[in-house]
Amino acid sequence: MRKVLTIAGKEIRSYFVSPMAYVVLAFFLGVCGLIFALTVTMTQSEANMAGMFHTMIFITLMMTPVITMGLLSQEQSTGSLELLMTNPIRESEVVIGKYLAALALYMIALVASLEFALIINAFGDPDWMAILSGYIGVTLAGMAFLAIGLFSSALVANQIAAAVLGYLMLLFFWLIGWLDSAVEGVLGTIAKNISILENFQDFAKGIIDSRPIIFFASLIVFALFLSVRALENKRTI
Amino acid sequence: MIRCEGLTKYYGNHRAIADVDIHVSEGEIVGFLGPNAAGKTTAMRILTSFIPPSAGIATVAGHDVVTDSLESRRCIGYLPETASLYRDMRVTQFLRFCAGLRGMGGAETSERMEYVIDTCGLAERADSIIATLSLGYRQRVGLAQALLHDPPVLIFDEPTVGLDPNQIIEVRNLIKSLAEKHTVMLSTHILPEAAMTCERVIIINHGRIIAEDTPEALTAQIREAETVSVTLASPGESVERQLTDMTEVVAVRPQGGGIFHVDTAIGADVRAQIAEFVVGHDWGLLELRPVEMTLEDVFQQLTTEEEGVE
């Protein structure tokens, strides 16, 4: 556990000594804030955040591959992987440590975004349970995105390629839900059930169901497992 | 402390090393010598569990590097060939990070950090960001992290690459002093380095070990003649013939500029006779010294012979 925290600590430091953390946070809060302001002033909608969560999850999709792209690819391209992996440390400890660092940065963004809920609260009477449920959904989905992004970073040594690969994988899970209306029968049902958007809908509406929780949890564990295997595989060419 | 048997590694169809046997006892300092792409780095990467072997076994301090690699890695301090450090960290941050990876406690970390920073001459630059350090200093940081957890086995891949001559001497002396408490294996393609620092030299070429002995024994093995270099101020035209006519002399090879290399039978020391002979002929003796066969000659001979065999 100490080794995991050592890795996580190093990566979090790295985010904040480079422009990465600031750019990512500014992007997330800036775009969310802009859309929040537009929605509130133009539509005069109810005091809830359902629409806001849809915005947030889309911005999260744009942001997470950037957070994770360098985590494992850079170790490979600079050669520091050799120094790292000749230490008495397991691949799983490296992967989990790096994942926790990415998650920490993401959680900072989410905590900062609570300002939108507070603003709504100041002018209306929102349903806080619905806000909580939405945040659980955004957190879970973001965790899955980060795990997928980390996996793509383990696969290729180039940061940009890792980001693009991450986007491709995320878009697959994002868009596959559309097959539901186009394809009849079992395939359509499968497509609907593994769609990120479908699994996210309930959370945004304020419903906490076990199925989407299990879906996101499985996606996280599976992507992290694949990252560990990909990292092991790098050394057994 | 280090034991390899039948170590073989294939990268696809390319065989990097074949049937490598290495035994290094405790406290020994062994040089791993070979031209570029001979398989030195591959062997060292297997020993440090960075890559698994295709065949054969390797143990470090009694721990198998494949099946018990966490333990074997704990016993090794490794300096990779290109010490790729995290460029955005400060030296002390980086060392603290390494200590964390090795599960060192707080008090131990502080104590050992002070020691390695001092030993590797990093005191002045301890708070510098690694990206701003010169190549020589980065190499020292690499050495410092290898020594940090006081491991019984040290593996250095080309430890003096990129250093200036003074730093090279410092690093060599450091490595020699380490041999008292550690088992050291270092790779190099610089022959005098192996001759100066190592008690035993393993020569590897095309992935196979082709010779293994002390530097002195290796040169003696290959030597076919004793050679004396004679420098004359005013050599006559018949110097070469007249020297060859001396009873103990096998051959005379003029080197130009009044320098002659005189080969004699193994074990013979004819310097006194040559001196007397030269002075007698009034050729103006400027210098007379035995020519040591360098490891370079041995190496060249071994590696070219090997190529001839193939």
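Among contacts in chain B (heavy atoms within 4.5 Å) between residues at least 6 apart in sequence, 68% link residues at least 24 apart. This is a predicted model, in which local features need pLDDT of at least 70, side-chain atom pairs count only at pLDDT 80 or more, and totals for chains, interfaces and linings use all residues. Residues are numbered from 1 along each chain as its sequence is written, chains are lettered from A and ligands numbered from 1 in the order in which they are written, and side-chain values use heavy atoms, with hydrogens and water left out.

Chain B has 310 residues, of which 51% count as buried. Buried means under 20% relative accessible area, exposed over 50%, and partly exposed in between (1.4 Å probe, protein chains only). The C-alpha atoms of chain B fill a box of roughly 75 × 45 × 30 Å along the principal axes. Its secondary structure comes to eleven helices and 14 strands. These are DSSP runs, numbered from the N terminus: helices are H or I with at least four residues, strands are E with at least two.

Take helix α6 of chain B. Gln167(B), Ile168(B), Val171(B), Arg172(B), Leu174(B), Ile175(B) and Leu178(B) are buried in α6(B). Seen down the axis of α6(B), these buried residues fall within an arc of 160°, so they line one face of the helix. The arc is that of the directions from the helix axis to the C-beta atoms. Pro165(B) and Asn166(B) are exposed, on the face of α6(B) turned away from its buried side. The cover over the buried residues includes β3 (29-33), α4 (106-119) and β8 (183-188) of chain B.

Now the spaces. On a 1 Å grid over the protein atoms alone, a cavity is a set of points where a 1.4 Å probe fits but cannot get out; a pocket is an open set with protein on both sides within 12 Å along at least five of seven lines; lining residues have an atom within 4 Å of a point. Grid points are joined across faces, edges and corners, and a volume is the space filled by probe spheres set on the points.

| Space | Volume |
|---|---|
| Largest cavity | about 50 Å³ |
| Largest pocket | about 430 Å³ |

The largest pocket is lined by 20 residues; Glu11(A), Ser14(A), Gly70(A), Gln74(A) and Asp88(B) lie nearest its centre. α3(A) gives the most to this lining, with seven residues. The lining of the largest cavity includes Leu83(A), Arg73(B) and His149(B).
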